Amino acid sequence: MGAKKVLIVEDEEDILKLLEINLRKHEYEVTGVMTGEKALEVVKNDNFDLVLLDLMLPGIDGIEVCKALKSNPLTKELPVIMLTAKGEEGDIIKGFECGADDYVTKPFSLKVLMARVKTALRRTENTAYNKDSVVSIHNLYINPKKHEVLLGGKHLRLTSAEFKVLHLLASKPGWVLTRYSIIDEIRGEDYAVTDRSVDVLMVGLRKKMEEYGHYIETVRGVGYKFKPESDETK
Ligand code: CA
């Protein structure tokens, strides 16, 4: 397997350099550009595995770049991690609406950023979410074929929708799942599926998980994610 190719789109030179150096240190092949125009040009000539995309760019902004990437059949599978300013919740939501896969807020910790990069790349390696696969993370064990959930050694009794959501979240630790993608997953269940009912479902699920309810983290205004094992030491 060759080195993974990462495209960084960032107009602040210091941040661009910092990212380039660190990604190279982790043996990624890196291309850095400072404008959205340039980004859309280089993706035509190279096969990237991931894009780190700053949202605030001069000229075409990050949202427009993301839209362009996600509407082009050649680049729509390319994972995009947005770099957003802290507290810009509106940007994060817009980013997800245009198809971004994850986000990191500035100022970011390099450790967190590298973990997100790794997760994003791992996710594309096995893109298809397998509803039947056994998931084992922290002290949680889920066996879909047996419809069995063990948490801290205890059996959890979950509704079918709760089961699906927990399995989906735990299959992609660290990955932000929008309410929309969760709704998509449980559609057809015995549920009036709305944003609100997803939140209600999460409240119920966390309650059943008792002291481990914090494994499911709320991403304000966006959705939910499952606590990755690497976060345990933080
Ligand atoms: Ca910027």
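## Close-up views of a predicted model

View 1. Three residues supply the protein donors of the calcium ion, namely Asp 11 (OD), Asp 54 (OD) and Met 56 (O), at 2.1 to 2.3 Å from the ion. Donors here are N, O and S atoms within 2.8 Å of the metal (3.2 Å for Na, K and Ca), and water is not among the atoms, so sites may look incomplete. This is a predicted model, in which local features need pLDDT of at least 70 and side-chain atom pairs count only at pLDDT 80 or more, while totals for chains, interfaces and linings use all residues. Residues are numbered from 1 along each chain as its sequence is written, and side-chain values use heavy atoms, with hydrogens and water left out.

Along the sequence, the donor residues follow the spacing D-x42-D-x1-M. Asp 11, in the loop between strand S1 (5-9) and helix H1 (13-25), and Asp 54, in strand S3 (residues 50-54), are 43 residues apart, so this pair links distant parts of the chain. Helices (H or I, at least four residues) and strands (E, at least two) are DSSP runs, numbered from the N terminus.

View 2. Setting aside neighbours within four places in sequence, Asp 11 is in contact with Met 34, Asp 54, Met 56, Leu 57 and Pro 58; contact means heavy atoms within 4.5 Å.

View 3. How many disulfides does a search of the whole structure find? The search finds zero, with a disulfide taken as a pair of cysteine sulfur atoms within 2.5 Å. The sulfur of Cys 66 has its closest cysteine sulfur in Cys 98, and because the two are 3.1 Å apart, they are too far for a bond.

**View 4. Helix H8 against helix H6.** Helix H6 (residues 160-171) packs on helix H8 (residues 195-208) at an angle of about 80 degrees, with the axes 10 Å apart. Axes are lines fitted to C-alpha atoms, for helices over the stretch in contact, and angles run from 0 to 180 degrees between N-to-C directions. H6 is therefore roughly perpendicular to H8; angles under 35 degrees count as roughly parallel, over 145 as roughly antiparallel, 65 to 115 as roughly perpendicular and the rest as oblique. On the H6 side the contact is made by Ala 161, Glu 162, Val 165, Leu 166 and Leu 169, and on the H8 side by Leu 201, Met 202, Gly 204, Leu 205 and Lys 208. By class, the residues of this contact are seven nonpolar, one polar and two charged. Ala, Val, Leu, Ile, Met, Phe, Trp, Tyr, Cys and Pro count as nonpolar, Asp, Glu, Lys and Arg as charged, and the others, Gly among them, as polar.

**View 5. Helix H8 against helix H7.** The axes of H8 and helix H7 (residues 179-186) come within 10 Å and cross at roughly 80 degrees, so H7 is roughly perpendicular to H8. From H7, Arg 179, Ile 182, Ile 183 and Ile 186 meet Asp 195, Val 198, Asp 199, Leu 201 and Met 202 of H8. This contact of H7 with H8 holds six nonpolar, no polar and three charged residues.

View 6. Lys 106 and Pro 107 are joined by a cis peptide bond, with omega about -5 degrees; Pro 107 sits in the loop between strand S5 (102-106) and helix H5 (110-125). His 138, a residue other than glycine, has a positive phi near 50 degrees and lies in the loop between strand S6 (135-137) and strand S7 (140-143). Glu 210, also not a glycine, has a positive phi of about 50 degrees and is placed in the loop between H8 and strand S11 (216-219).
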